[in-house]
Amino acid sequence: MTNDELFFLCVLTGAQELFGIENPVEGLNEEGAKAKWEEVSKGLYESKILYDDQNGNICIRDDYAKISAAISFPDIAYEYAPDDLSTKYIYIKGSIYVQLIRKDDLQLKMYDTREDFISFLKKEFMIAYCEDNEENIFIQISEEELDKALEYFTNSYSIPANIFEGTELNIETIHSALSAFTQNISFIDFVGYRNNQETPSQALFKITKTEDGTWLFKICKGNIKMLKCNAGKALSEIINF
C-alpha cells in the first residue's frame with residue numbers, strides 16, 4: 001500500500017490529523033486534489049480495498065478499515081527510527097495493533113492478538129532483555145536535575161551527590177544508571193503519544209542493554225524515571241504515561 005492510498009483511507013475514516021502519514025494533496029488546488037483522489041481511488045477499487053455497498057456508499061474492506069481506524073484515531077502511538085533509512089510507527093486502538101514502516105515504500109502489519117503484539121513489542125523495544133534483570137531499581141529526578149547530573153558526569157565521570165542524596169542508592173548504582181543513559185551502543189530511543197485521556201500526553205523513552213543489566217529511561221511531564229526492572233514493569237511504564 002502506498003502513502004497516498006493510506007492517506008485517503010484515513011480521510012474516509014474521518015481523520016483530521018494524521019501521525020506518520022504524508023499529505024499528498026497539501027499545496028494542491030481543488031482541481032488538483034480531486035484529480036489525485038480519482039487516481040488513488042481507482043487503485044483502491046481495483047485492489048478491492050474500497051467497494052460500494054447496495055446504496056452506493058463507499059466502504060472500506062474490514063481489515064483495512066481497522067488499520068485506518070487505528071492510524072486515524074490511536075489511543076497510543078509510538079515513533080522511532082532504528083536506522084538512517086527508515087522510520088517506524090506503532091498504533092494502538094482498543095484491541096487493534098498496527099505497525100507502519102516508512103522506508104523506500106510503506107509497509108503495514110496488523111497483529112491478530114494481544115499476545116502476538118506484546119511479544120512483538122517486547123522484542124522491538126528491547127523489553128525482553130529486562131527479564132534478565134535481577135534487581136528492582138527505581139530513581140526519579142526532574143529533567144533539570146538530570147541535565148545537571150549529566151553535565152557533571154560527562155565532564156568528570158563522577159556523581160553529583162546532592163542531586164541523588166534522597167534516593168538511598170549507592171554510588172555504583174547511580175553511576176551505572178548515568179553510564180547507561182549516555183551509552184549509544186545497544187539501545188533504542190522512541191517517543192510515545194497517548195490521546196485517550198482528557199489531556200493528551202507525550203513521553204520520551206530509552207532502553208539500554210549493558211553488561212550489568214537493562215535500563216529503562218522515561219521522560220514525561222518534566223520528570224525522568226530510571227528503572228532496572230522486570231519486563232512486566234517495563235511494559236507497564238511504556239504503555240502508561
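At 1% relative accessibility, F217 counts as buried, a term that here denotes under 20% relative accessible area, with exposed meaning over 50% and partly exposed the range in between (1.4 Å probe, protein chains only). The model is predicted, so that local features need pLDDT of at least 70 and side-chain atom pairs count only at pLDDT 80 or more, whereas totals for chains, interfaces and linings use all residues. Residues are numbered from 1 along each chain as its sequence is written, and side-chain values use heavy atoms, with hydrogens and water left out.

W215 is likewise buried, at 0% relative accessibility. The rings of W215 and F217 have their centres 6.2 Å apart and their planes at 15 degrees, and the pair is therefore stacked; rings of Phe, Tyr and Trp (its six-membered ring) pair if their centres lie within 6.5 Å, and planes under 30 degrees apart count as stacked, over 60 as edge-to-face and the rest as tilted. The structure holds 18 aromatic pairs, and among them is that of Y111 and F117, whose centres are 5.9 Å apart and whose planes stand at 65 degrees, so this pair is edge-to-face. Y111 is buried, with a relative accessible area of 10%, and F117 is buried at 1% relative accessibility. Ring pairs also link Y78, Y80, F125, F190, F205 and F241 into a cluster.

Charged side chains were also examined against the rings. The charged end of K206 sits over the ring of F181, 5.6 Å from its centre, and K209 lies over the face of Y129, at 5.1 Å from the ring centre, the criterion being NZ of Lys or CZ of Arg within 6 Å of the ring centre and within 35 degrees of the ring normal.
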